[in-house]
Amino acid sequence: MNSEATLLLTGREVRSLLSLAECIAAVEQAFRLHGEGKVTPPGVLGIHTRGGGFHIKAGVLDLDRAYFAAKVNGNFSENGPRFGLPTIQGVIVLADAGNGCPLAVLDSMEITALRTGAATAVAAKYLARKDSQVATITGCGHQGRVQLKALVSVLRLQKAYAYDVAAGRARQLAEQLSTELRLEVTAVSDLSSAVRKSDVIVTCTSAHQYFLKREDVQPGTFVAAVGADNPEKQELEPALMVNNKVVVDILEQCATFGDLHHALQAGVMTAADVHAELGEVITGKKPGRTSEKETIIFDSTGMALQDVAAAAVVYEKAVQTGHNRSLNFAA
């Protein structure tokens, strides 16, 4: 293959080349490198439009070779009912960080879903109680499915609850994953009751008003807040973050548009109250869980280094398997 050619990879091809286990390993490595201070801080840019918006996330990782990736994602929460389209659509451009050569253009939807679930799995590995048995998934679209699969890969769950404002989606997730994961998954209509019985809670919705309340989260719970990917979105009551251990994927980003952002705006905590970035926990610079009674919140806004790591795995496997659909942009 001409070294100047750029691989073109569809969503189906990405799915065939990247397993959840591979993505979890790649994402953990990215967080570790970030925690060790061995990477350039990643960047993010958000542009709002009517009915949704776009974000651009970019970063560099020095793996077996140096990779740069930039992801452009459109996020339109009403796409399904209005147009029959996915909520998130976009592409990732992967380049050689040493010479600028564009190596691949990849569909971003599957990578975004997998690397987001992978971050939750990595966080749960370090921050959830080892004896966690019950989880609640709030938001039962594709991301909710990935989140539960990711949790099952690192925790010995015995039961899961599925909640969604569209009850049919919760029932569908419960039916499908009960069989696929050989796990008791129950669709519920009472979120408060479910989370009170849960050791792990994942919120992955497009909510603009918090719904997970401090009074419902029991001591010792691990909460992964995934949905707040712009300043208008919010899933956690700010009071839930007060006097509990808060770990973020990347502090500057979470302070700008994560659930942390809303707690800061409400004046109930400061950035100094954040316990750690996840990379600091992975590298041992900051402790993870130190008590079975700690409530620990992971504010997950999606770090660009996760995209770089996952895209690099896809690209390397594509090369190894002889994928040859490409385009020479310089021609």
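Colleague: Is Cys-254 buried or exposed?

Modeller: Bear in mind that this is a predicted model. Buried means under 20% relative accessible area. Cys-254 has a relative accessible area of 0%, so Cys-254 is buried.

Colleague: How many disulfides does a search of the whole structure find?

Modeller: A disulfide is a covalent bond between the sulfur atoms of two cysteines. The cut-off for the sulfur pair is 2.5 Å. For Cys-254, the nearest cysteine sulfur is that of Cys-204, 16 Å away. The search of the whole structure gives a count of 0.

Colleague: And Cys-140? Which cysteine has the sulfur closest to the sulfur of Cys-140, and how far away is it?

Modeller: Cys-140 counts as buried, at 1% relative accessibility. A disulfide needs sulfur atoms within 2.5 Å. The gap here is too far for a bond. The closest cysteine sulfur is in Cys-204, at 7.3 Å.

Colleague: Which residues make the nonpolar surface patch, and what is its area?

Modeller: Strand S2 (43-49) and strand S3 (52-62) each give two or more residues to the nonpolar patch. The residues are Leu-45, Ile-47, Phe-54, Ile-56, Val-72 and Val-91. The patch has an area of about 460 Å².

Colleague: Where is Val-72, and what is its relative accessible area?

Modeller: Val-72 is in strand S4, residues 66-75. Val-72 is partly exposed, because its relative accessible area is 36%.

Colleague: Strand S1 and strand S6: do they pair in the parallel or antiparallel sense, and over how many bridges?

Modeller: Strand S1 covers residues 6-9 and strand S6 covers residues 102-107. Leu-8 has Val-105 in S6 as its bridge partner. The S1 and S6 pairing is parallel, over 3 bridges.

Colleague: What about strand S5 and S6: which residue in the turn of their hairpin has a positive phi?

Modeller: S5 (residues 88-96) pairs with S6 in the antiparallel sense over 5 bridges. Ile-92 stands opposite Leu-106 in S6. The hairpin has 5 residues between the two strands. The turn residue with a positive phi, about 80 degrees, is Gly-100.

Colleague: How far does helix H5 reach from its first C-alpha to its last?

Modeller: H5 runs over residues 142-154 and has 13 residues. At 1.5 Å a residue, 18 Å is expected. Its buried residues include Val-146, Leu-148 and Leu-151.

Key. Residues numbered from 1 in each chain as written. Predicted model: local features only at pLDDT ≥ 70, side-chain atom pairs only at ≥ 80, totals over all residues. Heavy atoms only, no water. Patch = residues over 30% accessible without salt bridge, like charges linked within 9 Å, V, L, I, M, F, W, Y side chains within 5 Å. Areas by Shrake-Rupley, 256 points an atom, 1.4 Å probe, with all protein chains shown as cover. Salt bridge = Lys/Arg side-chain N within 4 Å of Asp/Glu carboxyl O. Helix = DSSP H or I, 4+ residues; strand = E, 2+ residues; numbered from the N terminus. Buried < 20%, exposed > 50% of the residue type's maximum accessible area, 1.4 Å probe, protein only. Pairing = 2+ DSSP bridges. Expected span 1.5 Å × (residues − 1).
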